[in-house]
Amino acid sequence: MGTQLDFIFWKILRSLVVEHNYRLINISGDHSEVWLEPFRNKYFQLVRFVRKDIDWGNWISQDIEHTAHIFETIRKQSMRRDLNILNIYVTTFPPVDDWEFRIKEPFAHGKTVVKTMLLDQEHIMEKTGDLEDALSASLKKLDYAAEESNFESVERIKEEIFSYIKRQERLERSFFENGRPFFTYVFLTAQIVMFFLLEWYGGSTNSDTLIKFGAKYNPAIYDGEWWRFFSPILLHIGFLHLIMNSLALYYIGMTVEKMYGSIRFLLIYLFAGFTGSLASFAFSPFLSAGASGAIFGLFGALLFLGVLNPKLFFRTIGPNILIVVLINLMLGWAIPNVDNAGHIGGLIGGFLAAFVLQIPRMSKFFTRAVGIILSIIFVFGLGYYGYEIAPKRNSEMALARAQALIENNEFQKASEVLSEAKELDDAKVEIIYLLAYTEYRLNNVASSIEYLNNVLEKDPTFHQAYYVLSLIYAEQNDVVKAQEAIDKALKLDPGKAEYQQLKQQLDNL
């Protein structure tokens, strides 16, 4: 009798593991107790099977209490909010005394709840429907009479289960063994070399040097230098910045390149670096550089595994990755001058790049198509916001945009940008000054004079405004006003060569 029940017990386990993707968590040395994690179950996070011939109901109560205590400890260690356990006893005969009341209601210990079922050999077929409902798995394909229930058949089923588990473990390991790190070392070497070049040519914290070597600088990007979306990946501001990003690239880059392979890693890293710079351009007017956006993109590529295979993700790298990402984002908000826009842009970009490229041997056409569409929307959305929307909402952005337009002699467009920007709450006096200059270049002299006087009302030390006023008055042959204006400019900045030259010209009239 016992052998037949063992046979049924293991056939149920084989069906759950092989057909319904239940994962074997733990098995006792004598194979009488098995813990399984369901692939999908809205009621239970773990299922415990116990094969034991139970004589007395009191043993059931004691075992349930002991089980709840063990799983409550596990819940606390894993920091889960709650834990629901399905506890199933498979016994040849039910206990000889009263036992039903012991399992009628679930047993709770702390935030762990244990619901118990008892299956005896006589009634196990009758309770198959209840078992299916509890397990969220169909057991209708099981044919307990199709094979001879002897010791050899039980061992054969066990071997099938263990062989399947080994194959799954090899498959899971293969997710992280699709290539050897190559470009990780290439980018590490490149950013270290570039750091020393920056130091040699003026210093990695020098703004002029950073701009010269390709840092993200909005006025230059507005002026058409699109390559600044990529070049900041190799530049770092200060030694600490380099060390932090190099360590992150080494550890995270190795994992991602092994998982995705070198070519996919290269594309993910570059696309994430690009979207990180693009997001920084769209939301931050400040000079920036660094591999942070690209590195956050590597985090995004790892997070994609969480969408593709949540069980594998949370069982392996998931918890650590989520913690690291959250800590870095919180530090970004807490520490001044951290380009969080670039970090988030890189994170999303890396996720989308992984969506398109996908992990080797797990490629799906529909997923790739969705990834391509989302990537296009993301890139064009950021670009449109950065070029068209941001200058209307941020005075620094407006200044950068207007400066690029002025350098390209697009004075009418510059005037339109500045006219909107001067109404912003954070509008700076420089915006009104540039607006005065564009009006001057558009031959709207009266408007230019009005704006310049407005500048001087707000900031009487703004000597550039006196200089432009002097030029305008000189062109109108109003030498007295021109001399008064240039004298005030020189008083504020006596060493300015342009002012001295204009003063001399006016004195010679």
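Predicted model: local features only at pLDDT ≥ 70, side-chain atom pairs only at ≥ 80, totals over all residues.
Local features require a pLDDT of at least 70, side-chain atom pairs count only at pLDDT 80 or more, and totals for chains, interfaces and linings use all residues. Residues are numbered from 1 along each chain as its sequence is written, and side-chain values use heavy atoms, with hydrogens and water left out.

**Aromatic rings**

A pair of aromatic rings is described by the distance of the centres and the angle of the planes. Rings of Phe, Tyr and Trp (its six-membered ring) pair if their centres lie within 6.5 Å; planes under 30 degrees apart count as stacked, over 60 as edge-to-face and the rest as tilted. By this rule the count comes to 27 aromatic pairs. Because F187 lies in helix α6 (residues 183-200) and Y269 in helix α10 (residues 262-283), the pair ties together parts that are 82 residues apart in sequence. Helices (H or I, at least four residues) and strands (E, at least two) are DSSP runs, numbered from the N terminus.

One aromatic cluster is made up of Y222, F229, F230, F271, F274, F281 and Y387. The ring of W59 has the charged end of K52 over it, 5.2 Å from the ring centre; this description applies if NZ of Lys or CZ of Arg is within 6 Å of the ring centre and within 35 degrees of the ring normal.

**Burial**

Buried means under 20% relative accessible area, exposed over 50%, and partly exposed in between (1.4 Å probe, protein chains only).

| Residue | Relative accessible area | Class |
|---|---|---|
| F187 | 10% | buried |
| Y269 | 0% | buried |
| S288 | 12% | buried |

S288 lies in the loop between α10 and α11 (292-308). Leaving aside residues up to four places away in sequence, S288 touches A215, K216, P232, S280 and D339, where contact means heavy atoms within 4.5 Å.

Two strands pair if DSSP finds at least two bridges between them. Strand β1 (residues 23-27) pairs with β2 in the antiparallel sense over 4 bridges, and N26 has W35 in β2 as its bridge partner. The hairpin of β1 and β2 has 5 residues between the strands, and H31 there takes a positive phi near 65 degrees. β2 is also joined to strand β3 (residues 46-51) by 4 bridges, the two running antiparallel; E33 stands opposite V50 in β3. Strand β2 (residues 33-37) is mostly covered, with 4 of its 5 residues buried.
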